[in-house]
Amino acid sequence: MLVLGIETSCDETAASIVKDGQQILSNVIYSQVKTHTPYGGVVPELASREHLLKIRPIVDQAFVDAGVTLDEMDGIAATCGPGLIGSLLVGLTYAKALAFSKQKPLAAVNHIEGHIYSVSFEHPNVDFPSLALVVSGGHTNLFWVESETGDFRHLRYKLVGKTRDDAAGEAYDKVAKLLGLPYPGGPVIDRLAKNGNRDAIPFSIAKISDRSLDFSFSGIKTAVLRMVKENEKLKEDPHRLDLVAGFQEAVVNMLWSTTFKAVNLLHPRSIMLSGGVAANSRLREIFSERTRESGLQFCYPKPIFTTDNAAMIAAAGTARLMRGETAPIDVNADPNLRLAVSDRNFSDKRWRT
Ligand code: KG4
Ligand code: ZN
């Protein structure tokens, strides 16, 4: 089964051809980062305009790289939300036009579900049920994931935890901006933190009630703001290195401590880590160590599949198409699309057992 995936939910124009949801024949990503860097974040209007310019050459390139044609596709999958509405519409409308003109089945894919499927290329055999932590610039969500089929063909999700304020990647990007570092801040802070002492500047982590599986990052971000205001020297190296190392440690601890709370509560067999922040070296290190200690399988994608890409959309779309879940040609983009509703009763029930 050959599927073309298209992703344009934020600032990457991406297209990919995937065979049987598993074998990546091509994976083309055009990043708009240069366009948005001067503004320290994504400018929605500029993003949609650039998607318009790039969508056609990027999709064409995906066919050239894969050595296949549109006629050979068994289906077309595109991200329909969540994301920036103007950006989403470019990729989804292009996919709809291709599907309509060639009479191909269309799959409308949730971007967050795509991130979860990004794990499936490296780890086709995840031990379900699993806890999926999706950490990106726009989202920090913890899902309970069950499989109907024991593999990635048919997953079911329950949202058990989410950020109450900033997304983890958003906190990285805002702290970077504050310290005069370029956008996106995550990779830069990750690199600089390696040369800092993570214990030099202590951060106290916001305590969320014992029963909650929610995250919070704005306190950690505000702590950086306050420290810098009180001591301008922290904006300069070598102090800045210690500051970003301490900040990163606090973020990673917040992510692990809440995930571990969920592990004790829900007893999954594995942890799946995905989204842009999943590329973070300290996060991977801590999660690797701690999951090993807890006897859990730990699954995460190669760095190229942590940030937004279309291979993950093609993989999630393939599963949908195989289940016969095709989208109507008038399917619309939804900037606030949810993957699963928050299910308090679910975690409460497990809490008692
Ligand atoms: O998944 P993604 O490409 O886009 C969204 O769906 O949001 O994630 C982008 C986010 C940015 O906030 C970026 O700073 C962060 O992922 N990021 C990282 C790292 N690489 C990217 N954060 C921490 N450490 C990294 N190595
Ligand atoms: Zn994303």
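These are my notebook entries on a predicted model.

**Ground rules.** I worked on a predicted model, where local features need pLDDT of at least 70, side-chain atom pairs count only at pLDDT 80 or more, and totals for chains, interfaces and linings use all residues. Residues are numbered from 1 along each chain as its sequence is written, chains are lettered from A and ligands numbered from 1 in the order in which they are written, and side-chain values use heavy atoms, with hydrogens and water left out.

**Entry: zinc site.** I looked up the zinc ion (ligand 2). His111 (NE2), His115 (NE2) and Asp308 (OD) coordinate the zinc ion at 2.1 Å. Donors are N, O and S atoms within 2.8 Å of the metal (3.2 Å for Na, K and Ca); water is not among the atoms, so sites may look incomplete. I noted the donor spacing in sequence as H-x3-H-x192-D. Histidine 115 belongs to helix H4 (residues 111–117), and aspartate 308 to the loop between strand S10 (297–299) and helix H10 (311–322); the pair links distant parts of the chain, 193 residues apart. Helices (H or I, at least four residues) and strands (E, at least two) are DSSP runs, numbered from the N terminus. Histidine 115 and aspartate 308 are buried. Buried means under 20% relative accessible area, exposed over 50%, partly exposed in between (1.4 Å probe, protein chains only).

**Entry: lysine 104.** I found lysine 104 in the loop between helix H3 (85–102) and strand S5 (106–110). Lysine 104 counts as buried because its relative accessibility is 16%. Its side chain reaches the backbone oxygen of aspartate 71 at 2.7 Å. Beyond residues up to four places away in sequence, lysine 104 touches Leu70, Asp71, Glu72, Met73, Ile76 and Ala99. Contact means heavy atoms within 4.5 Å. I also checked glutamate 236: its C-alpha is separated from that of lysine 104 by 56 Å, at 132 residues along the chain.

**Entry: aspartate 166.** Aspartate 166 sits in the loop between strand S8 (155–162) and H5. It is buried, at a relative accessible area of 7%. A polar contact of 2.8 Å joins its side chain to that of lysine 221. A polar contact is a pair of N or O atoms within 3.5 Å; within protein, one must be able to donate a hydrogen and the other to accept it, and residues adjacent in sequence count only if both atoms are side-chain atoms.

**Entry: glycine 180.** I placed glycine 180 in the loop between H5 and helix H6 (185–193). Glycine 180 is exposed, at 62% relative accessibility. Glycine 180 and glutamate 236 are 9.5 Å apart, C-alpha to C-alpha, and 56 residues apart in sequence.

**Entry: aromatics.** I noted 10 aromatic pairs in the structure. Rings of Phe, Tyr and Trp (its six-membered ring) pair if their centres lie within 6.5 Å; planes under 30 degrees apart count as stacked, over 60 as edge-to-face and the rest as tilted. Tyrosine 172 and phenylalanine 247 have ring centres 5.2 Å apart and planes at 80°, so this pair is edge-to-face. Tyrosine 172 lies in helix H5 (residues 168–178) and phenylalanine 247 in helix H8 (residues 239–266), so the pair ties together parts 75 residues apart in sequence. Both residues, tyrosine 172 and phenylalanine 247, are buried. The rings of tryptophan 256 and phenylalanine 260 are stacked, because their centres are 5.5 Å apart and their planes at 25°. Both lie in helix H8, four residues apart, about one turn of the helix. Tryptophan 256 is buried at 6% relative accessibility, whereas phenylalanine 260 is partly exposed at 33%.
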